[in-house]
Amino acid sequence: MSLLEVKDLTVRFALESPLQARLAGHRRQVVTAVDDISFSVERGGSLGIVGESGCGKSTLARVIVGLVAPSAGEVRLGDVEVGARRDRATRRRIQMVFQDPGSSLNPARTVGRTLAELLRVHSMVPSGEVERRCEELLDLVQLPASVLKVRPQRLSGGQRQRVAIARALALEPEILIADEAVAALDVSVQASILNLLADLRASLGLTLIFISHDLAVVRHISERVIVMYLGRIVESSPTARLFEDPRHPYSRALIAAAPQLGLIRAPALSGEPTSPLDLPPGCRFEPRCPISEDVCRQVEPALIEFSGCSVACHVAQRRDGATHPRTGAS
Amino acid sequence: MSTQPLLSVEGLGVVIGRGPQATRPVEAVSFTVSDGEALGIVGESGSGKSLTLRAVLGLLPAGARREGEVRMASRGETTDAHSLPPGMAMIFQEPMTALNPTMRVGTLVAEPLRRRGLSRREARSGAVKLMREVGIPDAERRARAWPHELSGGLRQRVMIAAALATEPRLLLCDEPTTALDVCIQDQILSLLRRLMEERGMSLLFVSHDLAVVGELCDRVAIMYAGRIMEVGSTDTVLMEPRHPYTDGLRRSAPSMVDPAARLTGIEGMPPDPRAFPPGCRFAPRCPFRQADCDEIDGSLAVAGPGHSTACIHPGSIVREGAGAP
């Protein structure tokens with residue numbers, strides 16, 4: 001049984017509308033950030049989620065960790081359903097590392113106090129051993145114990161991100177979600193954080209969900225990758241398969257758009273994502289898709305599995321010979 | 001190229017503060033940009049790459065002084081350290097903060113045209129034309145939009161249009177694609193390349209991203225701790241680096257080609273500009289450090305045709321077998 005299962009998850013946000021519009025009785029606009037998404041992660045696995053800004057990847061992470069309540073669907077951890085309201089013991093099991101440790105660590109507290117409070121509140125260790133455990137945690141992320149006495153602003157970006165990882169590990173989670181955790185770091189520092197995450201996963205048996213816009217990073221750290229576009233999964237494949245043989249035209253474009261040495265070519269994709277407030281009736285990617293057909297404008301493709309990888313594209317599905325139940329009226 | 005370069009920078013330094021407290025976050029930087037050429041400057045945060053760009057443009061913050069010479073070919077004389085030299089324009093990383101939020105984007109692009117003496121109407125149609133040239137769809141209507149109404153990619157295009165309105169021969173770019181999604185970055189890079197070809201414009205492109213510079217630029221200079229470590233044609237520098245720092249950068253980035261390789265990273269942290277180490281500034285982190293590394297002055301020596309390095313033991317990288325791609 002998988003450790004984490006996300007089932008038919010949907011998250012909608014109501015947009016703030018101007019006062020006049022509300023007085024005039026217009027209904028609030030609703031944006032669907034995550035639209036009917038399902039996937040599962042095995043214990044000890046590592047899943048990458050890629051997509052451009054606005055594709056819903058961070059919202060998805062926030063639902064899994066319990067910061068945002070889903071509008072529909074569920075998140076199951078083992079055999080229990082976990083919502084946004086969780087008791088401490090459940091909340092402990094999924095932890096998150098954010099993009100910018102400068103703003104996610106309390107600047108007024110020393111690193112030691114931040115870690116010690118967590119350990120006490122969650123009664124992770126007997127009170128006499130809190131300090132020793134703090135040192136152990138820093139050791140785990142390869143920081144000297146002297147860091148306990150300093151405040152975050154004295155640390156470099158890479159050190160802060162290590163502290164943020166130590167904070168997440170303090171609760172001994174089963175799942176660690178890293179949301180753009182290396183995006184703000186310099187490349188030489190990024191390398192060491194990626195190595196650290198890979199080592200921790202191996203030594204602690206952590207399950208890792210790695211969210212990023214950077215394909216090369218995701219490819220490096222994940223076993224399986226989910227590609228999202230405008231709130232939907234367009235492709236889900238084992239990492240090697242995805243990069244060698246991307247099925248969905250959007251995955252293909254993303255991979256082609258990644259800069260490569262000495263390769264100057266026409267842009268992989270023209271235009272920009274459609275507004276999530278004004279989605280086309282058929283495939284969401286159709287307005288930018290180089291291989292779209294008539295059916296794509298009318299019917300939204302379902303995510304269908306075919307020999308280990310799932311793809312939501314009419315053209316790719318037909319090419320693979322997958323028999324696909326058409327959903328909705330055509 | 002035997003002709004005079006478009007831009008030549010000689011011994012450029014930036015000094016902040018006076019007397020014994022003075023720091024030099026940029027020191028002894030020299031490079032040239034030829035007509036129609038794209039030079040990339042790559043470095044990590046704090047390497048002084050953005051400050052170098054600002055020093056070239058005369059946009060240094062108050063309290064910072066410039067040393068050395070910056071020459072544009074069109075005029076013989078050195079440009080002023082605190083005013084915009086003719087023939088140059090700049091685009092920035094974050095178009096939302098660089099564009100005036102209280103001006104409609106059409107007016108913004110038209111402003112340099114108005115300053116050149118065009119009438120309101122001419123400037124307006126000129127602005128729409130420029131916006132079309134940089135690939136803004138529906139430019140006529142978009143000219144009336146406010147910056148906040150546009151997406152990041154469109155804002156960056158507006159900024160490029162506004163820069164083009166001054167008809168620059170050299171466009172300075174400070175991480176213009178860092179805040180953008182990969183597909184949009186891809187579009188902006190090919191737009192810049194197209195503009196270079198169509199307008200015969202040169203680029204000075206600052207980025208932290210080796211791959212982006214590798215794709216766009218003809219030549220690249222690698223900066224570390226305020227100095228140039230290595231400069232040469234992009235292919236040579238990135239494929240056969242002759243400086244351990246370049247080699248380290250290259251091996252830190254997860255590769256799209258060889259995903260399985262364990263990243264090596266670079267041990268330690270860049271030095272504080274208030275206390276740069278003597279000799280080679282990379283030596284404290286260098287895996288190939290030798291005793292005499294602490295005695296060099298950091299000047300560049302020829303490492304091959306059109307290729308210079310500040311490292312006095314460039315052979316050590318090749319010996320480690322890291323030089324081969």
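In this predicted model, the contact between the chains takes 34 residues from chain B and 32 residues from chain A, where two residues are in contact if their C-beta atoms, placed from the backbone, lie within 7 Å. On the side of chain B that touches chain A, at least two residues each are supplied by α7 (182–199), α8 (210–216), α9 (234–239) and α10 (244–252) of chain B, and the largest share, seven residues, comes from α7(B). The names of these elements follow DSSP runs, numbered from the N terminus, in which helices are H or I with at least four residues and strands are E with at least two. Sorted by class, this side of chain B has 14 nonpolar, 13 polar and seven charged residues; here Ala, Val, Leu, Ile, Met, Phe, Trp, Tyr, Cys and Pro count as nonpolar, Asp, Glu, Lys and Arg as charged, and the others, Gly among them, as polar.

The model is predicted, and local features need pLDDT of at least 70, side-chain atom pairs count only at pLDDT 80 or more, while totals for chains, interfaces and linings use all residues. Residues are numbered from 1 along each chain as its sequence is written, and chains are lettered from A and ligands numbered from 1 in the order in which they are written.

Chain B itself is divided into domain 1 (7–87 + 168–319) and domain 2 (97–167), with bounds that come from an automatic or database domain assignment. The centres of these two domains of chain B, taken over C-alpha atoms, are separated by 30 Å, and nine residues of domain 1 of chain B are in contact with nine residues of domain 2 of chain B. On the side of domain 1 of chain B that touches domain 2 of chain B, α7(B) gives the most, with four residues, and the residues of that side divide into eight nonpolar, one polar and no charged.

Two sheets of chain B can be described next. One is an open sheet of eight strands with mixed pairing, in the order β5-β6-β7-β3-β8-β9-β11-β10 (chain B), where two strands pair if DSSP finds at least two bridges between them. Because β5 (88–91) and β10 (301–304) of chain B stand at the edges, each with a single partner strand, one side of each is left without a neighbour in the sheet. The twist of this sheet averages 20 degrees from one strand to the next. Helix α1 (residues 49–57) of chain B packs on the sheet, touching β3, β5, β6 (170–174), β7 and β8 (219–224) of chain B, and its direction makes about 150 degrees with that of β6(B); such angles run from 0 to 180 degrees between N-to-C directions, with axes that are lines fitted to C-alpha atoms, for helices over the stretch in contact. Helix α6 (residues 152–164) of chain B lies across β5 and β6 of chain B, running at about 170 degrees to β5(B).

The other is an open sheet of three strands in the order β2-β1-β4 (chain B), with antiparallel pairing, and its edge strands are β2 and β4 of chain B, each of which pairs on one side only. Here the twist averages 5 degrees from one strand to the next. β1(B) and β2(B) form a hairpin with six residues between them, and G17(B) in the turn has a positive phi of about 85 degrees.

| Strand pair | Sense | Bridges |
|---|---|---|
| β3 (38–42) and β7 (202–207) of chain B | parallel | five bridges |
| β1 (7–16) and β4 (64–72) of chain B | antiparallel | eight bridges |
| β1 and β2 (23–33) of chain B | antiparallel | six bridges |
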